[in-house]
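Let's walk through this structure together, one piece at a time. Have the sequence and the 3D view open as you read.

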Amino acid sequence: MSVADYEVDYSDVIGKKVECPPQCGMCCLCQPEVLPEERPFFRNNHPDCLVKSKGPEPYFALALKKGHGSCVFLENRRCKVYENRTSYCRQFPYHLYASDRVKVELDLSCRGVWYGTGADALTEAKGLVARADRRILAALEESKAVYKEFYSICREAGVMSDPSRLRMTVSENLSMFTDLSYLSRIMDMSQIEPVMSLSGLQPDSRPDMESLEEAGRDLAMDSMSSNDPLSVPVYCDSQWNWNMFMAADDRIQWSVMNDDGDLDVKGSANASDIRLKVPDEAGRKVLADYVMTLNGRDSFMGSVFSLMDANAYEDDMANAYYGCMSVTVMDLLWRMSMLDHFMGTGCGADGVREAIIFYDMDRLDAPTIGAFI
Ligand code: SF4
Ligand code: SF4
């Protein structure tokens with residue numbers, strides 16, 4: 001089998017460009033794995049910079065400054081081993097996701113994908129796929145078997161829907177997923193109706209703002225609940241500051257990490273004091289584009305499937321899909337409100353875009369039944 005023998009969906013990257021500004025370095029805060037063939041360079045030249053990761057399946061990775069800052073090779077936001085950086089470093093902001101096919105996804109937390117300038121994303125993605133061929137084949141073999149089993153369990157449990165039809169109905173009803181009065185109704189219906197449909201769905205005339213706020217806040221707080229900077233989402237702002245928000249109980253602390261891995265506390269707030277805000281018309285358009293992106297991602301679908309599995313196949317796939325999409329939007333809107341609270345980013349197109357930049361990398365942590373390669 002070769003690259004031509006498996007399906008790769010490049011639709012996310014067609015027509016996109018990626019520019020990597022020299023002041024950023026945000027992706028160097030993610031500890032990169034070092035593949036077996038890459039180890040000799042680091043072992044021979046920088047033995048102290050190679051560490052074994054913790055966790056159930058340990059792997060070799062590059063050391064971080066102070067154990068939680070940026071990669072030790074980042075100096076003045078430039079890579080000191082650029083020619084020998086790892087495959088994982090070369091890959092960002094592209095993600096290769098294996099389900100029953102391969103999908104190239106673009107990480108919207110990278111500011112470099114928002115300018116519309118730079119290298120042609122499709123050409124870059126094709127090069128990455130060709131170089132990752134061996135790893136893709138191994139991951140695909142496993143993920144195809146998992147997907148086959150998943151669909152078979154869904155059919156037996158009577159909860160199967162056609163994933164492409166679900167995607168089509170979301171794209172046909174996109175405005176529902178940017179409107180709180182519909183989101184409130186979708187969240188309710190996904191838990192009540194045996195098999196949910198978007199057709200004929202009526203908006204909630206008086207959406208329960210407290211429940212919507214709580215849904216978004218709970219998810220966002222869950223992701224920020226740690227005092228380890230390595231575990232919380234990073235938001236690289238337009239001034240290239242690495243902002244971190246760490247939550248404990250109801251309290252959120254906002255800090256900026258410097259290049260040495262030190263944290264400078266900028267402020268704090270009670271999460272319950274942050275009111276959910278609604279994006280304006282321009283913000284809704286940016287939000288609608290993001291819903292379309294999520295709707296096309298196999299990794300998003302994989303995270304919905306993982307949730308169905310965790311819930312013992314009690315929910316119909318349609319309910320799980322629409323429900324997950326609506327709570328994801330609430331998570332994003334609550335983060336938009338939080339960024340506005342701390343930094344005044346607003347609720348227009350800019351505010352929603354900044355929330356996406358803050359949020360999108362978190363999607364990588366969502367449990368999924370496929371695999372990022
Ligand atoms: S996050 Fe994007 S723009 Fe920033 S250094 Fe990484 S690839 Fe470049
Ligand atoms: S090796 Fe270079 S590109 Fe990779 S994380 Fe370290 S500094 Fe960044």
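Does Thr 169 count as buried or exposed? With a relative accessibility of 13%, Thr 169 counts as buried, where buried means under 20% relative accessible area, exposed over 50% and partly exposed in between (1.4 Å probe, protein chains only). You will find Thr 169 in helix α5, residues 163–172. Helices (H or I, at least four residues) and strands (E, at least two) are DSSP runs numbered from the N terminus. Leaving out residues up to four places away in sequence, Thr 169 touches Leu 198 and Tyr 322; contact here means heavy atoms within 4.5 Å.

A word on the ground rules. This is a predicted model, in which local features need pLDDT of at least 70 and side-chain atom pairs count only at pLDDT 80 or more, while totals for chains, interfaces and linings use all residues. Residues are numbered from 1 along each chain as its sequence is written, chains are lettered from A and ligands numbered from 1 in the order in which they are written, and side-chain values use heavy atoms, with hydrogens and water left out.

Now step back to the whole chain. It is divided into domain 1 (3–139) and domain 2 (147–226 + 271–372), with bounds that come from an automatic or database domain assignment. The C-alpha centres of domain 1 and domain 2 lie 27 Å apart. Where the domains meet, 19 residues of domain 1 are in contact with 24 residues of domain 2. Together domain 1 and domain 2 bury about 1,700 Å², and carbon and sulfur atoms give 57% of that area. Buried area is the accessible area (1.4 Å probe) that two parts lose on being put together, summed over both. Tyr 97, Leu 108 and Trp 114 supply 33% of what domain 1 buries against domain 2, more than any other three residues.

Between domain 1 and domain 2 the rule finds two salt bridges, each a side-chain nitrogen of Lys or Arg within 4 Å of a carboxyl oxygen of Asp or Glu. Look for Arg 111, which forms a salt bridge with Glu 354, the closest N and O atoms being 2.9 Å apart.

Which element gives the largest share of the side of domain 1 that touches domain 2? That is β7, with four residues. Both β7 (94–98) and β8 (102–106) supply at least two residues of that side.

Pro 93 sits in the loop between α2 (87–91) and β7, and a cis peptide bond joins Phe 92 and Pro 93, with omega about 10°.

Ile 373 is in the segment after β14 (371–372). At 8% relative accessibility, Ile 373 counts as buried. Beyond its neighbours within four places in sequence, Ile 373 is in contact with several residues, including Tyr 88, Leu 96 and Ile 136.

Finally, visit two loops. Lys 66, in the loop between β4 (60–62) and β5 (74–75), has a positive phi of about 55° although it is not a glycine. Asn 76, in the loop between β5 and β6 (78–79), also has a positive phi, near 50°. Lys 66 is exposed, with a relative accessible area of 52%, and Asn 76 is exposed at 63%.
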